[in-house]
Amino acid sequence: MELWDIYDENGEKTGRFHARGTPMKPGEYHLGAIIAVGNDQGEILCTLRSPEKKFCPGIWENTGGGALAGETSRAAAQRELQEETGIFAELEEFIFLYRVQSTEPDGTGLFNDVYGLRRNIDVKDIVLQPGETIDVKWLPYEEWEALGRAERILTPAGPKNEEFFRILRSFIQPK
């Protein structure tokens, strides 16, 4: 059984825990992490969700997932990235970009911390996690943003969040 820390509407831990897959009470939130991996060509790494996934099967997204009880969002970002793509990064390499407060389709409250990571890696070197992801590709940032605005790719902050797009665009720009 996977346990999550329960957070209040201000993003503070309550000291209580929640078992994943069971309904949360109104006003309860859990913590997640999303990783925007960018390369020196101004592209963003995307994975294709497995058709077996309950939420948004077969949709392109950025790697991410829920923080386990006692885990920081940065540690969750590190763990999820390695699990879903085989990419390892040190904790200090993850650059905090943005926090999104939202509600998942099942009504679960969620805080997603979005981190940026720079990597130049060939997609042939990506190791996909069975049951989670089935494909991977680099997308030019402009194409990724257009797909996000059209709701044809999962974006961490939704299709109309101008502040988020500005922050991510600045991070992804070629160095």
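Me: Is aspartate 113 buried or exposed?
Reply: Aspartate 113 is buried, with a relative accessible area of 5%. Buried means under 20% relative accessible area, exposed is over 50%, and partly exposed is in between (1.4 Å probe, protein chains only).

Me: Where do these numbers come from?
Reply: This is a predicted model, where local features need pLDDT of at least 70, side-chain atom pairs count only at pLDDT 80 or more, and totals for chains, interfaces and linings use all residues. Residues are numbered from 1 along each chain as its sequence is written, and side-chain values use heavy atoms, leaving out hydrogens and water.

Me: OK, which residue does aspartate 113 form a salt bridge with?
Reply: That's arginine 99, with the closest N and O atoms 2.6 Å apart. A salt bridge here is a side-chain nitrogen of Lys or Arg within 4 Å of a carboxyl oxygen of Asp or Glu.

Me: And which parts does that pair tie together?
Reply: Aspartate 113 sits in strand E8 (residues 109-118) and arginine 99 in strand E7 (residues 95-103), so the pair links parts 14 residues apart in sequence. Strands (E, at least two residues) are DSSP runs, numbered from the N terminus, as are helices (H or I, at least four).

Me: Is arginine 99 buried or partly exposed?
Reply: Partly exposed, at 35% relative accessibility.

Me: New topic: which residues are joined into one network?
Reply: Glu71, Arg79, Glu80 and Glu83, through salt bridges that share partners.

Me: How many salt bridges are there by this rule?
Reply: The count is 14. One of them pairs the side chains of aspartate 5 and lysine 13, at 3.6 Å from N to O.
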